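I opened the model to look up a few places and wrote down what I found. The entries follow in the order I made them.

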Amino acid sequence: MPIHPTAIVHARARIAESAEIGPYCILGAEVEIGARTRLMAHLYVEGPTWIGEDNVFFPYATVGVASQDLKYHGERAETRIGDRNRIREFVTIHRGTEGGGLVTSIGSDNLLMAYTHVAHDVRIGDHVIIGNSVGLAGHVTIEDWVDVAPYSGVHQFCRIGRHAFIGPYSVVKQDVLPYSLTSHKPELGVFGANAIGLERRGISRESIEALQTAFRLLTRSKLNTTQAIERIRAEVPSCAEVEGLIEFIRASERGFVK
């Protein structure tokens, strides 16, 4: 088990034999590190935290530390991270709170670029890219295959739907529709389907065209949401992506970006 002699590892931490703990890392009690995961140097990890296999954590990241939420009073809360993630320099990941289910979770195959902040009770799915200096406030949900470009901020309790792309410097205060290309220019708005990203992920041209029509009805037709959905049902060919878009809207509690 390659643990650098300068690392400080609590006796109750559980480290896989093939994991690598680099110089000056500090691991607290109830920290579990999976096989072949590498903590390069100067990592600070508090428990309870579970980190899966084949992850790479770059220097100066902090994981599982207490929330900045003033309502947090030291209740036992967790951080859970899946497999094959890349966590870059100075990323901060805070554990959950009682008000959010007591867990902050990050799935698998994600890239969190330098200076990303993941607040308490955030849920990040799989295959997500978070750009440099993005701030995710508490209780944010990021679904699978989302890209958030650098220097963006996401307000607490917002949801980002799967396969969405958020442009740089965006300020997100409402839910972002799945499959959308959404940006702040200078006001946050939907600019149609995230066509390039969806095509790269194998979504059919027919489904992308159906989504483009649905987005035009939702954001450019001057119809209210109920009317727009009725038109989508009547005029847009049904596919899994359009159905997912409609279901996302029906579940939205904060409204969504137009």
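**Entry 1: arginine 95**

I looked up arginine 95 and found its place in the loop between β13 (92-94) and β14 (103-106). Helices (H or I, at least four residues) and strands (E, at least two) are DSSP runs, numbered from the N terminus. This is a predicted model, in which local features need pLDDT of at least 70 and side-chain atom pairs count only at pLDDT 80 or more, while totals for chains, interfaces and linings use all residues. Residues are numbered from 1 along each chain as its sequence is written, and side-chain values use heavy atoms, with hydrogens and water left out.

Is arginine 95 buried or exposed? Arginine 95 counts as buried because its relative accessibility is 11%. The cut-offs are under 20% relative accessible area for buried, over 50% for exposed, and partly exposed in between (1.4 Å probe, protein chains only).

I then checked what the side chain of arginine 95 reaches. The backbone oxygen of glycine 64 is at 2.7 Å from this side chain. The side chain of arginine 95 also makes a polar contact with the side chain of tyrosine 72, at 2.9 Å. A polar contact is a pair of N or O atoms within 3.5 Å; within protein, one must be able to donate a hydrogen and the other to accept it, and residues adjacent in sequence count only if both atoms are side-chain atoms.

**Entry 2: backbone exceptions**

Most residues other than glycine have a negative phi, and most peptide bonds are trans. I looked for places that depart from this.

Leucine 102 is not a glycine, yet has a positive phi of about 70°. I found leucine 102 in the loop between β13 and β14. With a relative accessible area of 31%, leucine 102 is partly exposed.

Glutamate 30, also not a glycine, has a positive phi of about 60°. Glutamate 30 lies in the loop between β4 (26-27) and β5 (31-33), and counts as partly exposed at 30% relative accessibility.

Which peptide bond is cis? The bond from glycine 47 to proline 48 is cis, with omega near 0°. Proline 48 sits in the loop between β7 (44-45) and β8 (49-51).

Strands of a sheet pair through backbone hydrogen bonds, either parallel or antiparallel. I traced an open sheet of nine strands with parallel pairing, in the order β1-β4-β7-β10-β13-β16-β19-β22-β25. Its edge strands are β1 (8-9) and β25 (171-172), each pairing on one side only. Two strands pair if DSSP finds at least two bridges between them.

I picked one pair to inspect. Strand β19 (residues 135-136) and strand β22 (residues 153-154) run parallel and are joined by two bridges. Opposite glycine 135 stands glycine 153 in β22.

**Entry 3: the sheet of ten strands**

I traced an open sheet of ten strands with mixed pairing, in the order β3-β6-β9-β12-β15-β18-β21-β24-β26-β27. β3 (20-21) and β27 (188-193) each have a single partner strand, so one side of each is left without a neighbour in the sheet. Helix α2 packs on the sheet and touches β26 (180-184) and β27. The direction of α2 makes about 145° with that of β27. Contact means heavy atoms within 4.5 Å.

Strands β15 (residues 111-112) and β18 (residues 129-130) run parallel, with two bridges joining them. Leucine 111 stands opposite isoleucine 129 in β18.

Aspartate 126 lies in the loop between β17 (123-124) and β18. Aspartate 126 is partly exposed, as its relative accessible area is 29%. Leaving out residues up to four places away in sequence, aspartate 126 touches Gly107, Ser108, Asn110, Asp144 and Trp145.

**Entry 4: helices α2 and α3**

How do α2 and α3 pack? Helix α2 (residues 205-219) and helix α3 (residues 225-235) pack at an angle of about 155°, with their axes 9 Å apart. Axes are lines fitted to C-alpha atoms, for helices over the stretch in contact, and angles run from 0 to 180 degrees between N-to-C directions. The angle makes α2 roughly antiparallel to α3 (under 35 degrees is roughly parallel, over 145 roughly antiparallel, 65 to 115 roughly perpendicular and the rest oblique).

Ala214, Leu217 and Leu218 of α2 make the contact with Ala228, Arg231, Ile232 and Glu235 of α3. Not counting residues up to four places away in sequence, leucine 217 touches Ala228, Arg231, Ile232, Glu235 and Val236.
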